[in-house]
Amino acid sequence: MGKCIGVLTAGGDSPGLNAAIRAIGKSALNAYNMQAIGFRDGFRGLMENRTVHLEGEILSGILTLGGTILGTSRDKPHKMPVGSKVQDMTEVMLDNYHRHNLEALICIGGGGTQKNAYRLAQAGMNVLTLPKTIDNDVAMTDITFGFDTALSIATDAIDRLHSTAHSHHRIIVVEIMGHNTGWLGLGAGVASGADVILIPEIPYDVNQVAEAIRRRRHRGKNFSIVAVSEGALSQEDAKELAQLKEKKLATKDEKKQKKVIAALEAFQTNHTTNTLRLSGQLEALTGLESRVTILGHLQRGGTPTATDRILATRLGAACVAAIEERRFGCMVAVKGESTELVDLADVVGKRKVVPLDHPWIRAALETGACLGNNLAV
Ligand code: F6P
């Protein structure tokens with residue numbers, strides 16, 4: 001048997017992970033006579049040397065499965081909690097990498113995983129990554145796998161909310177995942193014809209949202225669908241967040257900085273509170289009854305779409321081809337119908353946000369959606 005490659009999946013799970021694992025295992029064996037092993041539960045499996053051979057039955061029947069057969073975790077391997085302290089596990093992972101005499105390690109994940117993988121590359125491992133996340137926010141790639149499936153699920157959900165909102169003459173505020181970017185919210189909003197679409201890239205004015213709903217009412221439309229990305233902020237909250245970020249940079253005192261960081265973290269996790277507040281405000285400002293639907297983890301579960309299966313399969317196969325060519329320290333990025341190897345140094349620490357001149361924004365405005373700000377066509 002030839003060379004051995006390692007694979008792990010890290011961060012939030014995403015439809016298409018099993019398709020990628022299958023593609024890596026099968027193309028390694030079929031095309032290059034390599035063997036593949038998987039590490040369980042993300043970087044934790046590499047720390048604890050928990051592995052599974054990726055061959056035969058284990059790769060069979062998984063193309064259509066959601067989740068990841070390897071398991072995943074959101075561990076930061078350079079900062080693992082040990083009692084009240086944190087420990088850098090890089091050396092332990094390096095030992096296990098050598099123990100299996102790995103030719104390369106493939107890390108499949110989103111922005112955080114790209115960062116962790118880059119650290120391992122700097123520590124001396126031959127690392128390659130694949131971009132996956134339902135948020136579609138990884139820099140330097142056209143798209144990430146998992147996004148298309150989540151987009152279909154969110155769109156279908158909003159389609160269903162339309163008929164009940166219409167029947168009851170209600171506002172329905174639907175919260176969509178996406179972390180701090182609006183790809184999923186905007187995409188699902190446009191695809192389902194949401195009346196209001198609020199995304200993190202465009203801080204909103206609740207009065208403008210209410211005005212848009214009132215205008216619809218005057219036209220005889222007694223219901224409205226408000227698609228809100230979990231990371232969307234009101235203009236006031238966006239201002240406060242910017243001030244906190246400045247404060248974090250300016251504060252030297254460790255205790256004070258901890259407080260600022262805690263306040264910043266609260267901003268990341270407060271989305272449901274914000275969504276509920278928005279619904280209450282709209283009820284008060286428009287006189288219409290409002291309900292909230294949080295789509296949550298439904299958007300990440302279940303069978304990947306054909307588009308995600310194809311994308312994950314071609315990325316997995318391209319990654320093994322790159323190993324054969326001994327190209328390391330890169331992410332296998334999507335560029336149109338092709339793939340491209342991008343230096344991990346150019347990927348980490350960046351986030352792909354929705355540009356304000358993106359065609360989806362223009363399409364939303366031109367078809368009459370309110371984006372919560374005075375943006376005009
Ligand atoms: O990154 C994917 C994602 O689903 C985000 O959209 C969301 O903010 C986050 O993960 C939720 O994470 P968890 O599953 O850890 O609650």
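**Helix contacts and loop residues in a predicted model**

T155 lies in helix α5. The structure described here is a predicted model. T155 has a relative accessible area of 12%. Buried means under 20%, so T155 counts as buried. Residues up to four places away in sequence are left out of its contact list. With those set aside, T155 touches A188, A191 and S192.

Helix α5 spans residues 147-168 and also holds T149. The relative accessibility of T149 is 2%, so this residue is buried too.

A pair of helices was examined next. Two packed helices are described by the angle between their axes and the distance between the axes. Helix α7 covers residues 206-218, and helix α10 covers residues 271-286. Their axes come within 10 Å and cross at roughly 50°. That angle makes α7 oblique to α10. The crossing of α7 past α10 is right-handed.

Both helices contribute several residues to this contact. From α7 come V206, N207, V209, A210, I213, R214 and R217. They meet L278, Q281, L282, L285 and T286 in α10. By residue type, the contact of α7 with α10 divides into seven nonpolar, three polar and two charged residues.

N101 lies in the loop between α3 (90-99) and β6 (102-109). Phi of N101 is near 50°, a positive value in a residue other than glycine. The relative accessibility of N101 is 63%. Exposed means over 50%, so N101 counts as exposed. R326 is found in the loop between α11 (306-324) and β12 (330-335). Phi of R326 is near 55°. This value is again positive, and R326 is a residue other than glycine.

Methods: Residues numbered from 1 in each chain as written. Predicted model: local features only at pLDDT ≥ 70, side-chain atom pairs only at ≥ 80, totals over all residues. Heavy atoms only, no water. Axes fitted to C-alpha atoms, helices over the stretch in contact; angles between N-to-C directions. Helix = DSSP H or I, 4+ residues; strand = E, 2+ residues; numbered from the N terminus. Parallel < 35°, antiparallel > 145°, perpendicular 65-115°, else oblique. Left-handed = near helix turned anticlockwise from the far one by under 90°. Contact = heavy atoms within 4.5 Å. Nonpolar A, V, L, I, M, F, W, Y, C, P; charged D, E, K, R; others polar. Buried < 20%, exposed > 50% of the residue type's maximum accessible area, 1.4 Å probe, protein only.
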